[in-house]
Structure formats: C-alpha cells, structure tokens
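Dear colleague,

Please find below the structure that I am handing over to you. My findings follow directly after it.

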Amino acid sequence: SLQLSRLQEDSRKSWNMVGASPIMRELNLLIGRVAPSNAKILIYGESGTGKELIARLVHMRSNRADRAFIKFNSAAIPRELIESELFGYERGAFTGASSRKKGKLEEADGGTLFLDEIGDMELAAQAKILRVIQEGEFERVGGNTTRKIDVRIIAATNKNLPELVQKGDFREDLYYRLNVVPIQSPPLRQRKEDIPLIIEHFAKDLALELAVKVKRFAPDALDRIAEYDFPGNVRELRNVIERIYLMCDREELHAADISAMIPNGEIKNGEEEQFWQKTRNFQDAKRDFEYRYLSR
C-alpha cells in the first residue's frame, strides 16, 4: 500500500540531526521530550536549516510513527489551489473536478500533517485549519459532509509570524494554537563546530549517489569551508559538497583544491591581494577566476 511504501522509504532514509554542538544536543533533547505528546509544534528557522527534518524526527519518536507523515507546503502551491489540495474536493466542486479527491489532511489521518511555510497560507485556509485544531473536523471543497479527523499538526516558518499577525496577514488565534511548543532550528553559522560531521555525512551520501569513492577533506579544507557563513545553511553546504564532488577528481582534498568552489560572500578588502598570492599555482588561480566569473 501507499502507507507501507512511505514507511519503507522512511526507514531506508536515516533521518537524523547531524551535530554534536551544545545547541544540537539541546535540540535533540527537546525533540525527545515533546515527540511522545500530541502537542502542536511551531518550528522557526531560516531556509535550509532542516525544519522538515525536525518535524520528521518528532513524528518518528511519537506514538504515530507507524502512520503517515504528510508534508504540505503553502508556498509551493498557487493560492487558489491551497484549499482543494489541503482539504480535498468533491466531484464537480469546480471546473475540471471530474472525480472526488482526498486532500493532504485526509492522507494524514491518524498520523502527522507538516504545514511547511505556514506564513504563506491564505486567511481562508487558515480559518479552516483552526477549525481542524479546535473541533477535529473539516469539509472537502464543494462538499457539505462534515468529516472527523485525527491529526497531529506541526507547522514551520521562516517568517516573523507575530509581525504578520500585527499586519493582519496571519490569524492571531491560529498563531497561539500552533505555538504551543516553539522549536528554533539553528542556522549553520551558530554551530560551525558541526561542519566536519555534516561534511562527513554528505561525503558518504554523495559517494553512494554518484557511485564514486568517498572523498576525504583535510583539516585545511575543513577550515576553508568553515570560514564561509552559509546564508543558505545546511542545504547550501550540501550543494557546495556536491559541487566539489563533481569538479574535483582527488580523493584527499586540501584548501587549494576546493577554494574556488566556495562562495566568498561579500567582496572583502584584501580579497584582491589573496587572488594575486604568489603561492597559488596557475591552475588554482584560473579555476578560482572561472568560478567567480560564472557566478557573477
């Protein structure tokens, strides 16, 4: 069944938060503490910090772990389709609705519904989600049958929800209902000591994916990577490691091998000098120039 294949996929993927920094140890303890309850959780954090991963871990450590984990991203769906995708629809509810369709909410019955980018959800859908939380019931679009539902709701946002509430773009009552347990997903720049462990994890993953040998990152290469602040967080770090895998043939990587593949952030004074360092060989300087030129 669909549920079984989802469970198999979840067990195949090793969902875990990589990192041994104090901030990550604390986060893991918090996940362990709140997962067994049915408490609603609101995960805050910048893009690329792993908010979905936190939601999955909460689900996997809860008593709903053997049921569905369904993700719904309000930002990825046109506004006019949000309600029909989330709540489903009856046949004839709108032009093109030739048969009835279950929404994400019904797929998550008995399990967990993860509402990603909840700050992008329009007010009409917010009102219906509030009803699901308060009364445990909903109706499909174009239907008049009230259906009972049992889901645990976990929401995530990279926006400032209190600010949206003040502007009238987010329902205050829904905000308080969702914000029972707030969890902060920390940006990578606040846990740079975890970078070597995360790189080791991605290096193994990518070696399998690309069917190549696992690359080793020398200490100077790790230091070079950690100099950058990664505004795109762990997702951006994975992209950088993938780029290194595709561009570098060596198995043992040093700073000189990878320097050109790491964004430099803002142009800093002295970077020009760094570019003309006498110690750099022609190949490295050429690769560095090409990378910067193409990035621009």
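Helix α10 has a face turned away from its buried side, and that face carries the exposed residues P219 and D223. Here buried means under 20% relative accessible area, exposed over 50%, and partly exposed in between, with a 1.4 Å probe and protein chains only. Helices (H or I, at least four residues) and strands (E, at least two) are DSSP runs numbered from the N terminus. The model is a predicted one, in which local features need pLDDT of at least 70 and side-chain atom pairs count only at pLDDT 80 or more, while totals for chains, interfaces and linings use all residues. Residues are numbered from 1 along each chain as its sequence is written, and side-chain values use heavy atoms, with hydrogens and water left out.

The buried residues of α10, which spans residues 219-226, are A221, L222, R224 and I225. They lie on the same side of α10 because they cover an arc of only 160° around the axis, the arc being that of the directions from the helix axis to the C-beta atoms. These buried residues pack against α9 (195-210), β8 (216-217), α11 (233-247), β9 (252-253) and α12 (255-258), where contact means heavy atoms within 4.5 Å.

A salt bridge is a side-chain nitrogen of Lys or Arg within 4 Å of a carboxyl oxygen of Asp or Glu. R216 is partly exposed at a relative accessible area of 47%, and E252 is partly exposed at 34%.

The whole structure contains 20 salt bridges. Another of them joins E83 and K128, with the closest N and O atoms 2.6 Å apart. E83 lies in helix α4 (residues 82-87) and K128 in helix α6 (residues 123-135), so this pair ties together parts 45 residues apart in sequence. E83 counts as buried at 17% relative accessibility, whereas K128 counts as partly exposed at 31%. Within α6, R131 and E135 are 4 residues apart, which means a separation of about one helical turn; their salt bridge has its closest N and O atoms 3.6 Å apart. Salt bridges with shared partners join R131, E135, E137, E139 and K148 into one network.

Turning to the rings, there are 4 aromatic pairs. Rings of Phe, Tyr and Trp (its six-membered ring) pair if their centres lie within 6.5 Å; planes under 30 degrees apart count as stacked, over 60 as edge-to-face and the rest as tilted. One of the pairs is F69 with F114, which is stacked at 6.0 Å centre to centre and 25° between the planes. F69 belongs to strand β2 (residues 69-73) and F114 to strand β3 (residues 112-116), 45 residues apart. Both F69 and F114 are buried. Y175 and Y176 form a tilted pair, at 5.2 Å centre to centre and 55° between the planes.

A211 is exposed at 68% relative accessible area, while N233 counts as buried at 0% relative accessibility.

Overall, the protein has 14 helices and 9 strands, and 44% of its 296 residues count as buried.

With kind regards
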